[in-house]
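Subject: Structure handover

Hi,

Here is the structure I promised. My notes follow below it.

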Amino acid sequence: MKRLPDALLMAVSAVILGIIAGALLMTAIGSNPFEGYYHLFRGGLMNMRRIGNTVAVSTTLILTGLSVAFAFRTGLFNIGAAGQMLIGGLCATAVGLQVALPRPILLVVMVLSAFAGGALWGAVPGFLKAKFNVHEVVATIMMNWIAYWVVYYAVPAFLKGDFLETESRVLPAYASLRVPWMTNLFDGAYVNMGLFIAVAMIFLIRFMLNRMTIGYELKAVGSNRHAALYAGIHVNRNIILSMVIAGGLAGLAGATFYTGYSANIQIGVLPIQGFDGIAVALLGANNPLGVLGAALFFGLLHAGKGFMNAMTGIPPEISDTIIATIIYFTATSILIGRGLNYLARRKKKGGK
Amino acid sequence: MEYVVEMLNIRKEFPGVVANDDVTIQVRPQEIHALLGENGAGKSTIMSILFGIYHADRGIIKVRGKEVSISNPNDANDLGIGMVHQHFKLVETFTVTENIILGLEGSQVLDRRKAAKRIQDLSDQYSLKIDPHAKVEEISVGMQQRVEILKMLYRNADVLIFDEPTAVLTPQETHELMGIMKDLVKEGKSIILITHKLREIKEAADRCSVIRRGKLVGVVDVKKTSEKEMAAMMVGREVSFKVDKKPREPGDVVLDIRNLNVQNARKYRAVKDFSLQVRAGEIVGLAGVDGNGQKELVEAITGLSDTESGSILISSTDIAGLSIRKRNEIGLAHIPEDRHKHGLVLEYSVADNMVLKSYYQEPYSKNMILNEEAIRTHADKVIQLFDVRSGKGGLTPAGKLSGGNQQKAIVGREIDMDPDILLAVQPTRGLDVGAIEYIHKRLVEQRDKGKAVLLISLELDEIFNLADRIAVISHGELVDVVKTSETNEEEIGLMMTGYKWEEAHEATT
Ligand SMILES: Nc1ncnc2c1ncn2[C@@H]1O[C@H](COP(=O)(O)OP(=O)(O)O)[C@@H](O)[C@H]1O
Ligand SMILES: [Mg+2]
């Protein structure tokens, strides 16, 4: 926690540098950057509906970002959030379409099944890592493709849409995470109950990492596996547990995305939000609150880019470029930070 | 020429510390000049000034009588000054030759074969036994150090600085290094040896400058000064090497190892049919050359690795198949050999490290919720009891402590667990006299309280100082167990090569 101010400073400077880079790009293509940013932010925040959509986009990113960040605290690089999210979405959609239950219970079961599906998808790489020392990056990427093909097969076979082979039937309103009071409050936006799940997870994970024995163990394993083992901590169990929780979080992202933001699931797509989660975790310095901030910010850029394009003709890809630049600066800011430290130390050593 | 190197009235300040305060060091040609001081005394700093890494705030440096200014290591090289740093600066994947010619300019690099030839010649001249074509990662640490020596020789250095060269060496390698240094001096080199180990100074050095807290305490002739006198100069008070230890009748067997066989990671049997008992109220010292099965034995006892056959009992409970945690819970504590790898989570605070083995128990947590208050109180207690010095007390990250304080913290944590059997593996490696004295006292205290202590050490001094009985291990087998009062270092040294006590006893009398 003491590293937070440092990490915050770095994140803010990366964001500023990214925004400047975006401004230069807009200038380079002959647009007015002030106008561009004005409409970008207006596009995300102009009215309740826009805000609701921004938050809805962010909700998914919070959960995938949290998934990556959480695994990272245990020393694991979870590239598999996309696959875990997809399977989570498949499970939730399948339950929503096939199971008849009273609405509150149905929603709970959908969310739980999404968590379980994602958790299973995380558990496999965790198990392979713990038992056979298979690198989790390889295993999670593999699991992404397995998820891709499972959906490819399962949706047409069991959940086929009325008109299209390539997507599932549309969920009835009673099986959607969207609730009328939120939809009304935000003037018909996509924001849904997933938001409460995401925010609850932020605080739950934060509490777990900082205040609970599980967090103590997971972080010990992440920082020094040998010392953890020496102290009697079950290293392998913690690796699997970490991946189960990380996978479950990404699975929840699937629930909020496929059964809240959207209302059905398509085949042939690995959700990009799974990979964006890596950027969110990076900018958020793997800290739950940082993830919240980063996800809201990226959500804003994603949600506003269409409006910016419509109003100014600046291509929406500029917004993606800004995100990419920020990621780039965040990644290098760690290096730049190290470099500055190093220079400071050398200066001290040199005494001049 | 009376002195090859003179550093006169050197002062060097770092923010908040005066690392060197008016220090004068004068080195005669062809002498081994020791620089003695506790950790943090300022030894590395003054030598880094001579080598051009730091710049003195005040004072002058003369080399061969001429005043010089050394602003970077290249200047030092040109003046014939070379340095072997505490941490080697070698590229692991390069060969010896490649490492030695790395950083040299133009023509000197071109002919690799010629370079290898010259390295071979130098190696032969000083009997360094180095293969110029070996990859650095494939040779032992002791040999890597010799590569560093060759690097200096290749650059025609004749003033050689060694910064704590023996910290990473086994006793044998240390002894060999001392021999090499004496040869170098015979061939016309002058050597500055930085160390806090008195024994090495006695063995090799001619004169010794003692530094304490950045100030020069005095320069002594090593032949005419006892280790005790030098230690007192270094620490600033009388130091007792001998720990006060009253005779004590040992009690019941606490640790009972029976016919133990252990395979190492390469499926090679590293511990063979090993049996040993440690009783309550005694310290048993396990002596042996490094790599003779000590590591595997420790791993088998602590549960870090499996045993092949045989049994280990703690207070009559067979611990085979028990998890590491269960072993801790029935009364086993372990001061690990490698404090960074096993002993601490360096990113964690000192307070969190102090509950590394007990965080899951009350009062440190309840229903899986950590009790920060209790953890902090406990840390404060250990810090105070074991004299752990840290900037922000329990909140300091463990990685920010000095080595001695890290070790005291670990020793504190393990002893605070109130174990029945304490496994102390190289508990004072790399520490200075003050910290060693302190840790030794605490180990003897455990024995006096009726705990069993198994001390595994490569330092015979330490074993003789602490152990009531000495067990010797060689090639994974127990050679013999003898009472400390009935043997001497020479006998144990022979036993370490495989002689039974009787044979060793006859050979030495
Ligand atoms: N680069 C540095 N910046 C700040 N303080 C330093 C630096 N190098 C050494 N010191 C401080 O100077 C003192 C002497 O250190 P050093 O010369 O490394 O001691 P020694 O080699 O005798 O153990 C210590 O208090 C140490 O913390
Ligand atoms: Mg030093």
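Which residue is the bridge partner of B:Leu160 in strand 8 of chain B? It is B:Ile191.

Ground rules. This is a predicted model, in which local features need pLDDT of at least 70, side-chain atom pairs count only at pLDDT 80 or more, and totals for chains, interfaces and linings use all residues. Residues are numbered from 1 along each chain as its sequence is written, chains are lettered from A and ligands numbered from 1 in the order in which they are written, and side-chain values use heavy atoms, with hydrogens and water left out.

Strand 8. Strands (E, at least two residues) are DSSP runs, numbered from the N terminus. Strands pair if DSSP finds at least two bridges between them. Strand 7 (residues 159-163) of chain B pairs with strand 8 of chain B in parallel, over five bridges. Strand 3 (residues 32-36) of chain B also runs parallel to strand 8 of chain B, joined by five bridges. There, B:His33 stands opposite B:Ile192.

Interface. In chain B, 34 residues are in contact (heavy atoms within 4.5 Å) with 26 residues of chain A. The rule finds one salt bridge across it (side-chain nitrogen of Lys or Arg within 4 Å of a carboxyl oxygen of Asp or Glu). B:Glu372 forms a salt bridge with A:Arg211, with the closest N and O atoms 3.2 Å apart.

Best wishes

Conventions
Helices (H or I, at least four residues) and strands (E, at least two) are DSSP runs, numbered from the N terminus.
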